[in-house]
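This briefing covers how one chain is divided and how two of its parts meet.

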Amino acid sequence: MSGPIVEAVQKHPAPEGLIYTYGTAGFRTKADVLDSVLTRVGLVAALRSRSLKGKWIGVMITASHNPPEDNGVKLVEPLGNMLQEEWEVISTDMANKVSAEHVSKFYHDIAAQYRIDLETPARVVVARDTRASGARLLGCVMDGLKAAGAEVKDYGFLTTPQLHYMVRCLNTEDTKDAYGTPTENGYYEKFSHAFKVALKGKKPSGSLTVDCANGVGGPKLTELIKHLPPKEEALEIFVINDNVIKPESLNVECGADYVKTNQRAPPSSKAGAGDRCCSLDGDADRVVYYFKDMNNVFRLLDGDRIATLVASFLGDQIRQAGLADSIKIGVVQTAYANGAATQYVEQHLKLKVDCTPTGVKHLHHAAEKLDVGVYFEANGHGTVIFSDDTLETIAKYEPKSPGQKEALDVVHACIDLINQSVGDALSDMLLVEVVLAHKNWGPQEWLSTYTDLPNRLLKVIVNDRKIFKTTDAERRLVSPEGLQAQIDKEVQKVRQGRSFARASGTEDAVRVYAEAATKAEAEDLARKVAELVK
Ligand code: NG1
Ligand code: ZN
């Protein structure tokens, strides 16, 4: 067998003995074993586009918060959503075909099975983060795309959410759902304009220091700032850790994952007590806030905090607009959400909370079932989505007083300000700033809304993590048999105890989470459960 597909695949042979999996974050591993995967992903992207009659499909080359020597790739559906599960399986199968002939055969088999007309145009958008391996891996994807005869738009460097934005814009251009102009400038214009309108003349207090993880978020934030209102009128932003010239510094002692995991600010941060700070991750789809309190103690405002802040604000605005009876807000969390956050949403904000398995695609799907779905993982990954019916209700609604109109304007602006295709650190950050400005809050007031339960997250290396099977949104183990009962017994020994264990989807380990009334109890509980899991 020969032909362009066989040739492209032969150019990037698969390393022997490796098995690849399209997991919660796509394919992700050491960059030097990814060439063959990227070429095959190019083929799958072309097939997926053809299966949707030539809609644009996105390919993002990134390994997010992973170390600089890693890389990865994920595919994006036409409206900016994560890849459909069926196609995750196809991607995994394709990545693990060893010979070029098998790849080519599989490509044609999938086309036959899904009745994909290989004459239909295939359209694919590509972008990458700033990793050193990105250029080489882009070449590998391009070889796959070319072999499959796809039309390609290469946007160069983009944040992951910018790529999702481009995909959605390209597929909705000239329709009633047009999302925006599919250019970088279009992105900055859309979000900066919405920010200005949503602020309604209010000025966020103080300044904001943004740690960009030495990743692609740095140059993109610098660009975005040029489009924002001048600092005298709105927000003063200090950009730190934006060195993309030295790719080996990516995510090193900085970034959202470093801050969340170590519960400390990046050592390079010069921010003083009370100064508002936030950290993006390596591809700018996650953000966490933090500050040093008056006693110089580090305080984290994570994804749970962003969710509660935003849900409470949108709830207020919708109520003030007179829409409370027709639009219901809900919050979607995972089991990693702090118990105090869940309680705050249910009992104080009186909103519904759904719990889903880990991974934004699960949260996104649950949020899609709500009128307004606010979803965030504790690590800062999330967004807000508005259902079509809700958007229509808001569009048709006629305010009955100046107060109602004012609130309605803010809701409109927030809809534009929130990147509804995917969690977007830059858009989420601007949204948080709008809410804080409206509430006239600093980080201390935000922190005071509730007190987090002390908690501990441990990573346990086990022989075979596949034996750990869960139910109830990963909160209970069904296998190995008897283990859950032992965990329950430990949980009962501490006050306000909660603990669960699950296999990680991105690392070869089991994660153990525990929370309790005191730090000592939480740590003790985590340690005991980790012992049981080993
Ligand atoms: P795993 O490795 O499955 O726990 C981690 C994060 C998720 C999500 C994914 C994708 C935790 C506890 N888990 O998943 O929230 O972000 O990576 O990047 O933070
Ligand atoms: Zn990321």
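The chain falls into domain 1 (4-157), domain 2 (186-298), domain 3 (303-447) and domain 4 (455-533). The model is predicted. The points below concern domain 2 and domain 3.

Extent of the interface
- The centres of domain 2 and domain 3, taken over C-alpha atoms, are 21 Å apart.
- Domain 2 brings 34 residues to the contact, and domain 3 brings 33 residues.
- About 2900 Å² is buried between domain 2 and domain 3, with 70% of this area on carbon and sulfur atoms.

Salt bridges and polar contacts
- Two salt bridges are counted between domain 2 and domain 3.
- Lys 200 forms a salt bridge with Asp 409, with 3.3 Å between the closest N and O atoms.
- Nine residue pairs are in polar contact across the interface of domain 2 and domain 3, both residues of a pair being at pLDDT 80 or more.

The side of domain 2 that touches domain 3
- At least two residues of this side come from each of helix H7 (184-199), strand E6 (207-211), helix H8 (217-227), strand E8 (276-280) and strand E9 (287-292).
- With eight residues, H7 gives the most to the side of domain 2 that touches domain 3.
- The residues on this side of domain 2 comprise 22 nonpolar, two polar and ten charged residues.

Terms used:
Residues are numbered from 1 along each chain as its sequence is written. Chains are lettered from A and ligands numbered from 1 in the order in which they are written. This is a predicted model: local features need pLDDT of at least 70, side-chain atom pairs count only at pLDDT 80 or more; totals for chains, interfaces and linings use all residues. Side-chain values use heavy atoms; hydrogens and water are left out. Domain bounds come from an automatic or database domain assignment. Contact means heavy atoms within 4.5 Å. Buried area is the accessible area (1.4 Å probe) that two parts lose on being put together, summed over both. A salt bridge is a side-chain nitrogen of Lys or Arg within 4 Å of a carboxyl oxygen of Asp or Glu. A polar contact is a pair of N or O atoms within 3.5 Å; within protein, one must be able to donate a hydrogen and the other to accept it, and residues adjacent in sequence count only if both atoms are side-chain atoms. Helices (H or I, at least four residues) and strands (E, at least two) are DSSP runs, numbered from the N terminus. Ala, Val, Leu, Ile, Met, Phe, Trp, Tyr, Cys and Pro count as nonpolar, Asp, Glu, Lys and Arg as charged, and the others, Gly among them, as polar.
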